[in-house]
Amino acid sequence: MAGTGTLTPPLFVALATYASWMVLFLFGHLRDFYRKKIYGGRAVKKGAEGYAPIRQDYEDFYTRRMYYRIHDAFNRPICSAPDAWVDVMERTPVDGQKPLQVTGRTKRCLNLGSYNYLGFAAQDPYCTPRVEEALDKLGWAAASSRADAGTTPVHAELERLIAQFLGKEDAITCGMGFATNSAFIPLLAGKGTLVVSDALNHSSIVAGVRGSGAKVKVFDHNDPAHLEAVLRSAIAEGQPRTGRPWKKIVIIIEGIYSMEGEMVKLKEIVELKKRYKCYLYLDEAHSIGALGAGGRGVCEQLGVDTADVDIMMGTFTKSFGSCGGYIAGDRGLIQYLRCHCPAHLYATAMSPPAVEQVISALHVIQGLDGSDRGKRKIQQLHANSNYFRRGLLELGFDVLGDWDSPVMPVMLFNPAKLPGVSRYTLERGLAIVVVGFPATPLLTTRMRVCISAAHSRADLDYALEVFKTLRDRHHLHYCDPETASRHIKAFEAHTNLISA
Ligand SMILES: Cc1ncc(COP(=O)(O)O)c(C=O)c1O
Ligand SMILES: *[C@@H]1O[C@H](CO)[C@@H](O)[C@H](O)[C@H]1NC(C)=O
């Protein structure tokens with residue numbers, strides 16, 4: 001597998017992890033059993049007389065026995081801009097009530113949790129004044145859909161800019177990144193379409209494909225050889241029952257996988273797409289702005305012509321520090337989406353100041369602000385990411401993902417480590433997201449570090465110092481020194497090659 005880490009735990013860790021789940025499962029069910037015996041049916045709350053329960057997860061085992069025991073590790077509120085440092089609100093249980101209540105106190109933490117890759121999510125000397133001006137001139141709300149009265153000059157300008165940035169003929173924007181996938185995919189796939197999707201697809205892609213009525217086949221995560229096998233057998237077999245040829249085949253992939261930190265093997269997949277005449281849909285939510293020397297995403301990073309990607313999707317919510325998403329492609333395709341997509345016709349347009357934020361960020365990234373700040377931000381992001389990844393490897397952490405990727409999942413494997421890791425890092429002033437089942441498979445509980453161009457070297461050094469203690473406290477030494485130094489050497493050889 002590419003990348004600097006592995007999702008496979010050492011055997012002992014795997015056994016210990018299963019043992020942890022087993023204990024949770026056994027004791028949970030034993031307690032449920034006694035609860036039922038002692039309190040009878042009364043312990044289990046029912047819906048009102050005659051009504052079916054409205055919640056489908058009613059009395060869900062995982063929620064009761066796991067989530068609520070450690071829920072201080074999740075949904076932590078913040079009360080500042082998600083800059084390099086962030087104010088995390090302290091919470092405490094009140095009379096055994098759920099959820100936790102905020103105390104009014106805050107803790108200043110180094111922010112390793114936000115998708116603020118280029119540092120545009122906080123005040124910016126170029127963007128912020130322009131956003132304020134847009135607010136004065138155009139107001140907060142578009143108060144109408146794009147197809148009615150919601151198209152302002154900034155909306156048109158953003159679509160022009162993003163298409164130009166990606167080397168595509170045209171682009172369409174949408175007020176929400178998630179909805180860009182969930183509402184636009186159904187217009188690109190339908191009955192008789194085969195969608196071939198990476199196994200680690202984002203939930204917005206799943207929502208879009210489910211809504212499309214297309215048939216789905218899954219290929220192993222980032223594995224072009226398996227993708228080819230899936231394509232070959234799908235083309236040979238044709239549609240189910242009738243055996244008729246598929247109307248079209250759409251391959252859906254992501255630029256950076258947000259839970260793995262890996263870049264897609266785009267070159268190999270483009271080869272396949274051409275050989276088997278499939279369309280390629282690329283979701284660049286995490287890679288746009290963050291990858292490539294000019295921030296143009298995974299195509300620029302890996303040297304792939306954007307002409308080879310039919311549908312380029314991305315969001316403005318990470319590198320651009322705003323909200324919404326886009327689809328860029330051929331003029332005809334985008335025109336078709338404008339005429340037919342319900343999210344364009346019937347949903348309120350993006351808020352104009354949010355649009356202006358993206359435009360300004362795009363200006364800075366491309367140097368249209370008359371400075372080299374954008375270029376330096378991207379360089380800083382890559383330097384910071386590689387510095388931190390290297391530091392984590394040297395400390396012996398199992399870090400997933402690729403060099404230059406700002407997303408760094410760090411494996412914990414055992415869910416029993418999750419609350420301790422989360423509490424300790426918060427206590428030491430690091431804000432980090434932890435992820436476990438059901439968001440990941442049972443065996444691959446992890447925390448996820450997101451690096452920003454806004455972090456200073458001193459910030460990263462402080463975080464590494466905390467990680468060192470964390471490793472010893474929670475026994476997170478999962479990568480042996482030889483493997484770590486092999487990854488670091490490979491990276492050094494690669495960078496020397498580029499700079500030579
Ligand atoms: C791959 C991918 N696609 C789409 C989205 C949804 O974007 P948004 O958060 O802007 O709604 C995300 C969000 O995190 C994502 O990771
Ligand atoms: C997404 O991935 C899951 C897990 O690999 C798979 O079961 C599902 O069919 C995929 N769905 C879509 C729509 O891509």
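This is a predicted model: local features need pLDDT of at least 70, side-chain atom pairs count only at pLDDT 80 or more; totals for chains, interfaces and linings use all residues.
Figure 1. Strand β7 itself spans residues 279–283. On the sheet, β7 pairs with strand β8 (residues 311–315) in the parallel sense, over three bridges. To find this pairing for yourself, look for Y281, which stands opposite I311 in β8.

**Figure 2. Seven strands make up an open sheet.** Reading across the sheet, the order is β3-β9-β8-β7-β6-β4-β5. The pairing is mixed. Two strands stand at the edges, β3 (170–174) and β5 (215–219). Each of them has a single partner strand, so one side of each is left without a neighbour in the sheet. From one strand to the next, the twist averages 20 degrees.

**Figure 3. Ligand 1 sits among 13 residues.** Those that come nearest are F178, D283, H286, T317 and K318. The side chain of D283 places a polar atom 2.6 Å from a nitrogen atom of ligand 1. T317 also uses a polar side-chain atom, which lies 2.8 Å from an oxygen atom of the ligand. At G177 the backbone takes part instead, with an N or O atom 3.3 Å from an oxygen atom of ligand 1. Taken alone, ligand 1 exposes 380 Å², and the protein buries 87% of that. Which helix gives the most to the shell around ligand 1? That is α5 (residues 177–188), with three residues. Sorted by class, the shell has two nonpolar, eight polar and three charged residues.

**Figure 4. Ligand 2 is surrounded by S197, A199, N201, V206, V209, V216 and V218.** Oxygen atoms of the ligand take part in the polar contacts shown in this view. In S197, an N or O atom of the side chain is 2.8 Å from an oxygen atom of ligand 2. A199 contributes a polar backbone atom, again with a distance of 2.8 Å to an oxygen atom of the ligand. For N201, a polar side-chain atom lies 2.6 Å from an oxygen atom of ligand 2. On its own ligand 2 exposes 360 Å², of which the protein buries 64%. Helix α6 (203–212) and strand β5 are the elements that give two or more residues to this shell. How many of the residues around ligand 2 are nonpolar, polar or charged? Five are nonpolar, two are polar and none is charged.

**Figure 5. Strand β2 pairs with both β1 and β11.** Here you can follow β2 (residues 101–111) alongside β1 (residues 85–92). These two strands run antiparallel and are joined by seven bridges. M89 stands opposite T106 in β2, a handy landmark for this pairing. With strand β11 (residues 430–431), β2 runs parallel, and two bridges join them. L110 has L430 in β11 as its bridge partner.

**Figure 6. Three strands form an open sheet in the order β10-β13-β12.** The pairing in this sheet is antiparallel. The edge strands are β10 (407–413) and β12 (433–435), and each pairs on one side only. Neighbouring strands are turned by 25 degrees against each other on average, direction ignored. Three bridges join β12 to β13 (residues 445–450). Among the paired residues, V434 has M447 in β13 as its bridge partner.

Figure 7. As background, most residues other than glycine have a negative phi, and most peptide bonds are trans. In the loop between β12 and β13 you will find P438. Where does N222 lie? Its place is in the loop between β5 and α7 (224–237).

Terms used: Residues are numbered from 1 along each chain as its sequence is written. Chains are lettered from A and ligands numbered from 1 in the order in which they are written. Side-chain values use heavy atoms; hydrogens and water are left out. Two strands pair if DSSP finds at least two bridges between them. Helices (H or I, at least four residues) and strands (E, at least two) are DSSP runs, numbered from the N terminus. Axes are lines fitted to C-alpha atoms, for helices over the stretch in contact, and angles run from 0 to 180 degrees between N-to-C directions. A residue is near a molecule or strand if one of its heavy atoms lies within 4 Å of it. A polar contact is a pair of N or O atoms within 3.5 Å; within protein, one must be able to donate a hydrogen and the other to accept it, and residues adjacent in sequence count only if both atoms are side-chain atoms. Accessible areas come from the Shrake-Rupley method with a 1.4 Å probe; for residues, only the protein chains shown count as cover. Ala, Val, Leu, Ile, Met, Phe, Trp, Tyr, Cys and Pro count as nonpolar, Asp, Glu, Lys and Arg as charged, and the others, Gly among them, as polar.
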